[in-house]
Amino acid sequence: MHAELAADRIVDEAEKHGNVAGVNVIVGEAAPATKDGIRNSILKRKPDWEITIETKESKVRCKCGYQGRPKITGREEEFVHIECPKCGKQPKMTEGEEIVLAEVVLKDEKEDVAPGKGEDVGEEE
Ligand SMILES: [Zn+2]
């Protein structure tokens, strides 16, 4: 579900820039959506977009004083389980949860396509 929301946001944001050929998205490794989930959700709306996704490492700060990369102990679809590699407790995530539209690649030629809302996403399963 988060992937769909994030994809919607990315598509809407990208289309403000014009005639989009593709996007470059940065996904934190602890973001509430997987790279594949986001890619697939964007492709559902924009099958002809070229999508590049980069992962950004996460960082945490723990009460024990540890700062740096967390130990990732598991991952469900939209949730990453982390712990402090030093003391094993639940640290506070300071980086790595974001999903950011880093770059919009526009088509060179200006076609007569109105950027706008387009069709509804719909559930295509
Ligand atoms: Zn700790």
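**View 1. Strand β3 and its pairing with β4.** Strand β3 (residues 59-61) is joined to β4 by two bridges in the antiparallel sense; strands here are DSSP runs of E of at least two residues, and helices are DSSP runs of H or I of at least four residues, both numbered from the N terminus. Two strands count as paired if DSSP finds at least two bridges between them. The model is predicted: local features need pLDDT of at least 70, side-chain atom pairs count only at pLDDT 80 or more, and totals for chains, interfaces and linings use all residues. Residues are numbered from 1 along each chain as its sequence is written. Opposite arginine 61 stands glutamine 67 in β4.

**View 2. The open sheet of three strands.** The strand order in this sheet is β4-β3-β7, and the pairing is antiparallel. The edges are β4 (67-68) and β7 (92-95), each with a single partner strand, so one side of each has no neighbour in the sheet.

**View 3. Strand β1 and its two partners.** Strand β1 (residues 20-28) pairs with strand β8 (residues 99-106) in the antiparallel sense over seven bridges. Valine 25 has leucine 101 in β8 as its bridge partner. Strand β2 (residues 50-56) runs parallel to β1, and seven bridges join them. Threonine 55 in β2 is the residue opposite valine 27. Between β1 and β2 the chain passes through helix α2 (residues 35-45), and this β-α-β crossover is right-handed, a term for a path from the first strand over the helix to the second that runs clockwise with the strands pointing away from the viewer.

**View 4. The buried residues of helix α2.** In α2, the buried residues are Gly37, Ile38, Ser41 and Ile42. They lie on the same side of α2 because they cover an arc of only 125° around the axis; the arc is taken from the directions from the helix axis to the C-beta atoms. A residue is buried if 20 or more other C-beta atoms lie within 10 Å of its own, exposed if 12 or fewer, and partly exposed in between, with C-beta atoms placed from the backbone. The buried residues of α2 pack against α1 (2-15), β1, β2 and β8.

**View 5. Glutamate 76 in strand β5.** Glutamate 76 belongs to strand β5 (residues 71-76). This residue counts as exposed because it has 8 C-beta neighbours inside 10 Å. Its C-alpha atom is separated by 9.2 Å from that of alanine 33, which is 43 residues apart from glutamate 76 along the chain.

Definitions and conventions: Contact = placed C-beta atoms within 7 Å.
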